[in-house]
Amino acid sequence: MKPGCGHALFTAECSHMFHFHCISSSIKHGNSLCPVCRAKWSEIPLLSPPAFDVTLGQAQANPIVDFVNQVHRYLPLYRDEEPAAFNDDQPIVLQSETVQIPQTESDRRVELRTYPEFSAIPQSSSHEDFTILIHVKAPHPTSTSVQSSRAPIDLVAVVDVSGSMAGTKLALLKRALGFVIQNLGTSDRLSVIAFSSMARRLFHLRRMSESGRHAALQAVNSLVANGGTNIAEGLKKAAKVFDQRRLKNPVGSIILLSDGQDT
């Protein structure tokens with residue numbers, strides 16, 4: 001089957017792809033098995049209640065429209081067209097973030113702690129080896145300001161939303177991404193690539209400001225499990241984000257979250 005050609009497409013959780021107008025007829029008659037491999041679909045889109053036609057005074061069902069609407073609810077990642085180039089990254093923060101700290105006499109001292117292997121040794125005994133753990137803490141900078149503790153990063157999270165991730169795994173994935181989002185600073189930028197049978201960039205590389213975090217959490221919470229496991233395509237999209245970004249933070253990294261092998 002040639003993809004597209006003016007027809008809407010549906011990719012099932014078993015990774016097989018169908019034209020909407022073809023598969024909707026099968027769904028209409030209550031079939032929930034894949035026509036190709038006979039796998040039973042656990043997340044089959046249910047037809048919504050038929051619309052009420054005021055002019056006729058009776059319900060008029062459009063199975064194709066209902067099917068498309070239901071699948072779009074299950075596949076929110078593929079509603080909008082993806083840009084050809086990923087050069088829409090949000091500008092970075094050029095100035096360094098500083099934190100004002102008070103200066104006291106103790107701030108200019110080196111803190112030294114020792115942890116000997118033996119707290120005491122009898123005078124009559126001798127030891128050739130005597131181990132001591134030394135902990136040294138440097139003084140605070142003499143400047144009245146100090147730069148943030150680490151360099152800003154550009155992070156691309158590549159996450160698996162294939163059918164095998166349904167349930168607890170997807171919930172844990174969302175929780176992990178939520179932890180990452182909440183712990184990134186305002187100078188850090190994040191982009192998320194979700195993949196199943198295909199890969200999709202959820203949002204462009206953007207700073208994790210308050211509004212950025214809110215938008216990122218919304219996108220992550222909308223993820224649903226469906227389709228196959230195309231890890232390679234997800235990593236290619238992540239590489240494209242890095243390759244085509246206009247500006248770069250000092251550190252760039254990709255994190256991959258998946259439970260399976262590339263199919």
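Me: What should I know about the model before I start?
Reply: Residues are numbered from 1 along each chain as its sequence is written. This is a predicted model, in which local features need pLDDT of at least 70, side-chain atom pairs count only at pLDDT 80 or more, and totals for chains, interfaces and linings use all residues, while side-chain values use heavy atoms, with hydrogens and water left out.

Me: What is the average pLDDT of the protein chain?
Reply: pLDDT is the predictor's confidence in each residue, from 0 to 100. Here the protein chain averages 76. A share of 72% of the residues scores at least 70.

Me: Where does pLDDT stay under 50?
Reply: One such stretch is residues 71-79. The model has 22 contacts there beyond four places in sequence. A contact means heavy atoms within 4.5 Å. Another stretch is residues 143-147, with 15 such contacts.

Me: How many helices and strands does the protein chain have?
Reply: Both are DSSP runs, numbered from the N terminus: helices are H or I with at least four residues, strands are E with at least two. This chain has 5 helices and 12 strands.

Me: How do I read a sheet?
Reply: Strands of a sheet pair through backbone hydrogen bonds, either parallel or antiparallel. Two strands count as paired if DSSP finds at least two bridges between them. In this structure, 4 strands form an open sheet, ordered β11-β10-β9-β12, with mixed pairing.

Me: Why is one side of β11 and of β12 left without a neighbour in the sheet?
Reply: β11 (199-207) and β12 (251-257) stand at the edges, and each has a single partner strand, so one side of each has no neighbour in the sheet.

Me: In which sense do β9 and β10 pair?
Reply: Strand β9 (residues 153-160) and strand β10 (residues 189-195) are parallel, over 7 bridges. Val159 stands opposite Ala194 in β10.

Me: Which residues of α4 are buried?
Reply: Buried means under 20% relative accessible area, exposed over 50%, and partly exposed in between (1.4 Å probe, protein chains only). In α4, Gly212, Arg213, Ala216, Ala219 and Val220 are buried. They cover an arc of only 130° around the axis, so they lie on the same side of α4. The arc is taken from the directions from the helix axis to the C-beta atoms.

Me: What do the buried residues of α4 pack against?
Reply: They pack against α3 (168-183) and β11. The face turned away from the buried side carries the exposed residues Glu210, His214, Gln218 and Asn221.
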